[in-house]
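Me: I'm new to reading protein structures. Could you go through one with me, question by question?

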Amino acid sequence: IRLQTTSAGVTVTGSVTDDKGNLRDIPYNLKNDNYTLVAADRGKVVGNSVASKTTTIPTSVFGTGQVVSIINPSSGDHTIAAGSGFTLINTADAATGNRTLASKGLATIWFTSASEGYISGAGLS
């Protein structure tokens, strides 16, 4: 059961946080090997410090309206792979399938369902 509290004109003094921290911050999850996204990555930026590694987006982990960003701080390309049963749609040209994220690139995936997401970003091909 999820309880919800509402109030019109809420005023807060200090910081507003949830289980991920300050709501004005975007948490960073840095990896250094191939990585498969997990539900806890929702709303975060996932990076990989090693070139030529892959981040895989599995099916049935994220839901409609959820977001994950992927950053490539390494000096080489990084692969963003659609896991089995997941459709990754590039917003630039509607192509589906794996994407390459160039060095220093940043891409965001917005999930339309547990098995489909749209990806856009800089350095994405």
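Predicted model: local features only at pLDDT ≥ 70, side-chain atom pairs only at ≥ 80, totals over all residues.

Me: What percentage of the residues of the chain count as buried?
Reply: Picture the C-alpha trace as spanning about 45 × 30 × 25 Å along its principal axes. The chain exposes about 7,300 Å², and carbon and sulfur atoms supply 49% of that area. A residue is called buried when its relative accessible area is under 20%. Of the 125 residues, the buried share is 28%.

Me: Which element gives the most residues to the largest nonpolar core?
Reply: That core has 16 residues, and those with the most contacts inside it are L37, I57, I80, L88, I109, F111 and I119. The elements giving two or more residues to this core are β7 (67–71), β10 (99–113) and β11 (116–124). The element that gives the most, with 4 residues, is β10.

Me: Why does H78 count as buried?
Reply: First find H78 in strand β8, which covers residues 78–82. Beyond residues up to four places away in sequence, H78 touches N48, K53, T54, T55, I70, N72, R99, T100 and L101. Buried means under 20% relative accessible area. H78 counts as buried because its relative accessibility is 1%.

Me: Which residue's side chain makes a polar contact of 2.7 Å with the side chain of H78?
Reply: There are two distances to look at here. In one, a polar atom of the H78 side chain lies 3.0 Å from the backbone oxygen of K53. The other joins two side chains at 2.7 Å, and the partner of H78 there is T55.

Me: Which side chain does the side chain of N29 meet in a polar contact of 3.5 Å?
Reply: N29 sits in strand β3 (residues 28–31) and, at 14% relative accessibility, counts as buried. Leaving aside neighbours within four places in sequence, N29 is in contact with Y35, D41, K44, V45, V46 and G47. The side chain at 3.5 Å in the polar contact belongs to Y35.

Me: Is S75 buried or exposed?
Reply: S75 lies in the loop between β7 and β8. Its C-alpha is 8.4 Å from that of A102, though the two are 27 residues apart in sequence. Exposed means over 50% relative accessible area. With a value of 71%, S75 is exposed.

Me: How far apart in space are G43 and T17, C-alpha to C-alpha?
Reply: Look for G43 in the loop between β4 (35–36) and β5 (45–48). At 39% relative accessibility, G43 counts as partly exposed. G43 and T17 are 26 residues apart in sequence, and their C-alpha distance is 13 Å.

How values were computed. Residues numbered from 1 in each chain as written. Heavy atoms only, no water. Buried < 20%, exposed > 50% of the residue type's maximum accessible area, 1.4 Å probe, protein only. Areas by Shrake-Rupley, 256 points an atom, 1.4 Å probe, with all protein chains shown as cover. Core = buried A, V, L, I, M, F, W, Y, C linked by side-chain atoms within 4.5 Å. Polar contact = N/O pair within 3.5 Å; in protein donor to acceptor, adjacent residues only side chain to side chain. Contact = heavy atoms within 4.5 Å.
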